[in-house]
Amino acid sequence: MTSTHPMKRRAILIFVLNRPGVLNKISMLIRRKMYNVETVTACRTHRPGISRMTLTLYEDSDDKMIQVIKQIEKIAEVLSAKELDVDNSFWREVAVIKLEASDSLMERLGSKYNFEILDRQENEVFIIQMAGTYGLIDEFMQQLGEGKIIETARSGFTAMEK
Amino acid sequence: MKGAELVIKSLKDKGVQYVFGYTGGAIMPVFDEMEKQKVFSFIMSRHEQGAAFMAQGVSRASLTTSNPQIGVCMATSGPGAMNLVTGIADAGMDSVPIIAITGQVPSGVIATDAFQESDVVGVMMPLTKQTYMPLRVDQIEESIHEAFHVATVGRGGPVVIDIPKDIQNQETAADYRFDPIAFESDLVGMLYSPHPERETIRKAVSLINRSERPLILCGHGIISANAGDSLKQLAEKANLPVAFTLHGLSSLPVDHPLSLGMVGMHGTVESNWALLNADLVIALGMRFDDRVTGKLDDFAVNAAVIHVEIDPSEIDKNVKTNVSINADAGGAIQQLLRDPELISKPRRLWFEQIETYRSEIVDEIQEEIDTGVGKEGQLLMKTIVSKLSKATGGRDIVVADVGQHQMIVARFYNFQTPNSWFTSGGAGTMGCALPMAVGVKMVRPNERVWSISGDGGFQMNIQELGTIMEHDVDIKILLFNNGYLGMVRQWQTLFFDGRYAGTPMKNPDFGKIAAAYGIPYQRVAEVSEIDAALAAAAEHKGATMVEFLCDPSEIVLPMVPAGGGIADMITSLKKKK
């Protein structure tokens, strides 16, 4: 998930009625219109019956982004869809990483990054959890080095405007 | 009450008078209830696809009557529902509101690959505006009422309700209440009722006033909004020529002095050259389909574009607009007309130019029509349609299938009656005409209905002759038989060096088929027989069929080659480089 894609990464925040098939409709739309989607996350909100979805995609063209949003708005259960202003919103994700590292390396990383150790196994194998920007998680993984990583699980983005 | 009773009650509450369909295991409780209550006419199609097109016929044709209706079709689970798919996809492409109710296997066995189970909701979802699967009896009424709302609000489209058989049989609780009048959908996205801002209208008016070479493109939205009169007022008040998309035809009499006829791939020379040279395109209720625009990069490059469209996702989708008005075409035109700034301009040079375009191939075409036969000595479709147009005064309803004959009717029938032209446009579904004509005739019983098909499309839903026979549906079937899939053959002639792959067809004796269904039949091979055959068909009470032996070499021109721009239009084979 490192950001090597040539196009701009952008996010759309969608509020939907929590009815069956909504996520299916969004994913079908992505396939049908061949949008370059990177992540989709969905969760309930504090308002009963309403869910929010964050969709990130690679797209340079503003016209295409407007089209994507209009197509999403066309889905009956969609209450609103808007592009998030990158400079005016927080994008966060959670990573759960299984890695192999010496205690000293973990200590060094721990002084620089804020993560929680969920599990410590023998043979210097750890499962850690960290949350933050994609840049921070990417950077952490780079510091760790490929050879140290056994498995990663990243949640995809969730985002909120200021 | 039982679920099945609620289905019938909801349809009755929504004023449904016709249901088309085909029964089967999973929809039996609903059919049983229909038979008990007999609150509407049920017409059994001979294939579910036919039922979907009949429903389309009802929705489309009743629009302009005093009793607008939504067409309803019904089918059983699995193959029944799957057979509806093409007709429903077609309704989606052409923005036609229809309701499909399908039976589903009992909820307890869904997803077990039960007998006649298929994932109807999954299949229909990308083709429809909305799909429902009530999983409790108390969801049936609200699903159906919401379905009618969704189908008709904004841009029309199909909606499917898939009801498991056990839910059809489930009894409501004692405290179940549903108020059909007070019901409101909570789909806020579907409450959309666009009202353009005055400033936007003013900008559009200013573009119109400044334009020296304007052109209105009238689309299906004018028909759907029943706004032909408003269009006429606008065109006449501001002196604007009008070209029509395939589905925009019959909005205005096509021989109106400001009308240039159909635009696009097989449009008239004058409308296409006008589109190419316009300085302003005023698109009313249309979506810049590729059959209208040709190659997008070359489309109306010198023109400003005003786009009036009810579906916001169509605005700026294919063609970038200067002024966009998100509204129904009728309302928007009324607002344009109310603007005191809107003026009339003579635009003499532009109208002279259009007359020059019009005269370009008019003699050549007239000569062909008068000759009446093609290279192989058989009838020309344009001659038959011209004669039909003359005989009916262009006042009768015409339903056309898909292909050469469809384009020829669109070009040579002199449409006079508002909303008198029905065909499959966006999806281009062969076989649509025969069943669609059945639905049309149900809601326009006092008008004459001509169903025109080629030999290919006719045989795609030929089984509906059974429905026509059973219900004595008074439609005049014209069969243009040239022994080929003519439109594909035309492309093969022009672009595939005349290799006729998969287009020649050995046909049955259509006279015997008509006789088997008890339908009077005439066969016409000579130009001199056309008028009498049409007159006899017109006078006959009840269904009748005329087969014309047509010339396979007939080419529909002008033609903008697929992928080409309008400037690439082929107007005449004589002039072809």
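Let's start with two helices in chain B and the residues that join them. From α3(B), the contact uses B:G50, B:F53, B:M54, B:A55, B:Q56, B:G57, B:V58, B:A61 and B:S62. Across from them, α18(B) brings B:P435, B:M436, B:A437, B:V438, B:G439, B:V440, B:M442 and B:V443. Sort that contact by class and you get 12 nonpolar residues, 5 polar ones and no charged ones. Keep in mind that this is a predicted model.

Now the geometry. Helix α3 of chain B covers residues 48–62, and helix α18 of chain B covers 433–443. What angle do they pack at? About 40°, with the axes 6 Å apart. An angle under 35 degrees would count as roughly parallel, and 65 to 115 as roughly perpendicular. The angle here is about 40°, so α3(B) is oblique to α18(B). Is the crossing of α3(B) and α18(B) left-handed or right-handed? Right-handed.

Step back to the domains of chain B. The assignment gives domain 1 at 3–190, domain 2 at 198–358 and domain 3 at 362–556. Take domain 1 and domain 2 of chain B. Their C-alpha centres are separated by 36 Å. How many residues are in contact there? Domain 1 of chain B puts in 7, and domain 2 of chain B puts in 6.

Over to chain A. This chain is divided into domain 1, 9–83, and domain 2, 89–161. The C-alpha centres of these two domains of chain A lie 28 Å apart. In their contact, 7 residues of domain 1 of chain A meet 6 residues of domain 2 of chain A. Which strands build the domain 1 side? β1 (9–17), β2 (37–44) and β3 (50–58) of chain A each supply at least two residues. The largest share, 3 residues, comes from β2(A). By class, that side of domain 1 of chain A has 3 nonpolar, 4 polar and no charged residues.

Last item: the contact between the chains. Chain B gives 14 residues and chain A gives 16. What is the chain B side made of? It divides into 8 nonpolar, 3 polar and 3 charged residues.

To recap the class counts. The α3(B) and α18(B) contact has no charged residues. The side of domain 1 of chain A that touches domain 2 of chain A has no charged residues either. The side of chain B that touches chain A has 3 charged residues.

Definitions and conventions
Residues are numbered from 1 along each chain as its sequence is written. Chains are lettered from A and ligands numbered from 1 in the order in which they are written. This is a predicted model: local features need pLDDT of at least 70, side-chain atom pairs count only at pLDDT 80 or more; totals for chains, interfaces and linings use all residues. Domain bounds come from an automatic or database domain assignment. Ala, Val, Leu, Ile, Met, Phe, Trp, Tyr, Cys and Pro count as nonpolar, Asp, Glu, Lys and Arg as charged, and the others, Gly among them, as polar. Axes are lines fitted to C-alpha atoms, for helices over the stretch in contact, and angles run from 0 to 180 degrees between N-to-C directions. Helices (H or I, at least four residues) and strands (E, at least two) are DSSP runs, numbered from the N terminus. Angles under 35 degrees count as roughly parallel, over 145 as roughly antiparallel, 65 to 115 as roughly perpendicular and the rest as oblique. A crossing is left-handed if the near helix is turned anticlockwise from the far one by less than a right angle, and right-handed if clockwise.
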